[in-house]
Amino acid sequence: MKNITQILSDEHQIILKVIDAVYSECAELEKGKALDIGFFQKTIDFIKNYADKFHHAKEEDILFKAMLENVEHLHCNPISVMLHEHDEDRTFVKGIEEGISENNRSKIIDNTLGYGMLLRDHIYKEDNVLYPMAEEALSDGQKDVVNQKYTEIESLLNKEMNVNDLIFV
């Protein structure tokens, strides 16, 4: 059986490391540390380009669409919930950006912690519910197509940006 979700789970581990780093930074801010705008700008760059553009593109544009083509083999359809949570995390990122532009420490902390809580829960659901469901529901032929599309999107995005440069932890 071909695995189409391990790469996504591996990317989740990178995202979780960044979430751990931003949680640590927020804890320090709450203890009185000076606000490091550059740190949060790097965080936003990572989220927008790695988590959203690189990782979510594979999920939303490839995996979720393949699953929806095979919806009759799913025991339930959690994709709309996953898409909604992707939109929610984008709202938190907008809040972090607003906090930066307003130099509003509380807004940065609140939106950063909200983003982290949402993503930790979201990643758990994907790794433990959605991805096993995809592995079970899709045929080997569909998995071949999904893996090929992952390769294509990675190649395209790596031409636009160096993905490894986005990972700052």
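Predicted model: local features only at pLDDT ≥ 70, side-chain atom pairs only at ≥ 80, totals over all residues.
## Helices α1 and α2

Helix α1 covers residues 6–30 and helix α2 covers residues 37–69. Their axes come within 11 Å and cross at roughly 155°. Angles over 145 degrees count as roughly antiparallel, and α1 and α2 are therefore roughly antiparallel to each other. The crossing in which α1 passes α2 is left-handed.

On the α1 side, the contact is made by I7, L8, E11, H12, I14, I15, V18, A21, V22, E25, C26 and L29. On the α2 side, F39, F40, T43, F46, Y50, A51, F54, H55, K58, E59 and L63 take part. Sorted by class, the contact of α1 with α2 has 16 nonpolar, 3 polar and 4 charged residues.

## Helices α2 and α5

Helix α2 also packs against α5, at an angle of about 155° and with the axes 10 Å apart. The pair α2 and α5 is therefore roughly antiparallel. The crossing of α2 and α5 is right-handed, whereas α1 passes α2 in a left-handed crossing.

From α2, the residues that make the contact with α5 are K53, F54, A57, K58, I62, L63 and A66. From α5, they are V146, K149, Y150, I153, E154, L157 and E160. The contact of α2 with α5 divides into 9 nonpolar and 5 charged residues, with no polar ones.

F54, K58 and L63 of α2 are listed in the contact with α1 and also in the contact with α5. F54 is found in helix α2. With a relative accessible area of 6%, F54 is buried, since buried means under 20%. F54 and E154 are 100 residues apart in sequence, and their C-alpha atoms are 7.3 Å apart in space. Both residues belong to the contact of α2 with α5.

## Helices α3 and α4

Helix α3 spans 79–102 and helix α4 spans 105–137. The two pack at an angle of about 160°, with their axes 9 Å apart. That angle makes α3 roughly antiparallel to α4. In the contact of α3 with α4, 11 residues are nonpolar, 8 are polar and 8 are charged. α3 passes α4 in a left-handed crossing.

The loop between α3 and α4 holds N103. N103 is not a glycine, yet N103 has a positive phi of about 55°. N103 counts as exposed because its relative accessibility is 55%, and exposed means over 50%.

## The nonpolar core

In soluble globular proteins, nonpolar side chains tend to be buried together. Here the largest nonpolar core has 45 residues. Within this core, the residues with the most contacts are I15, F40, L63, M67, Y115, L130 and V146.

Helix α2 supplies the largest share, 14 residues. Leaving out residues up to four places away in sequence, M67 touches L74, I79, L130, M133, A134 and L138. One of these partners, L130, is listed with M67 among the residues that have the most contacts in the core.

D121 and E85 are 36 residues apart in sequence and 9.8 Å apart in space, C-alpha to C-alpha.

K125 has its place in helix α4 and is partly exposed, with a relative accessible area of 23%. Apart from neighbours within four places in sequence, K125 is in contact with M82, E85 and L130. T43 lies 82 residues from K125 along the chain, and the C-alpha atoms of these two residues are separated by 23 Å.

N128 is another residue in helix α4. At 44% relative accessibility, N128 counts as partly exposed. N128 and V145 are 17 residues apart in sequence and 23 Å apart in space, C-alpha to C-alpha.

Terms used
Residues numbered from 1 in each chain as written. Heavy atoms only, no water. Axes fitted to C-alpha atoms, helices over the stretch in contact; angles between N-to-C directions. Helix = DSSP H or I, 4+ residues; strand = E, 2+ residues; numbered from the N terminus. Parallel < 35°, antiparallel > 145°, perpendicular 65-115°, else oblique. Left-handed = near helix turned anticlockwise from the far one by under 90°. Contact = heavy atoms within 4.5 Å. Nonpolar A, V, L, I, M, F, W, Y, C, P; charged D, E, K, R; others polar. Core = buried A, V, L, I, M, F, W, Y, C linked by side-chain atoms within 4.5 Å. Buried < 20%, exposed > 50% of the residue type's maximum accessible area, 1.4 Å probe, protein only.
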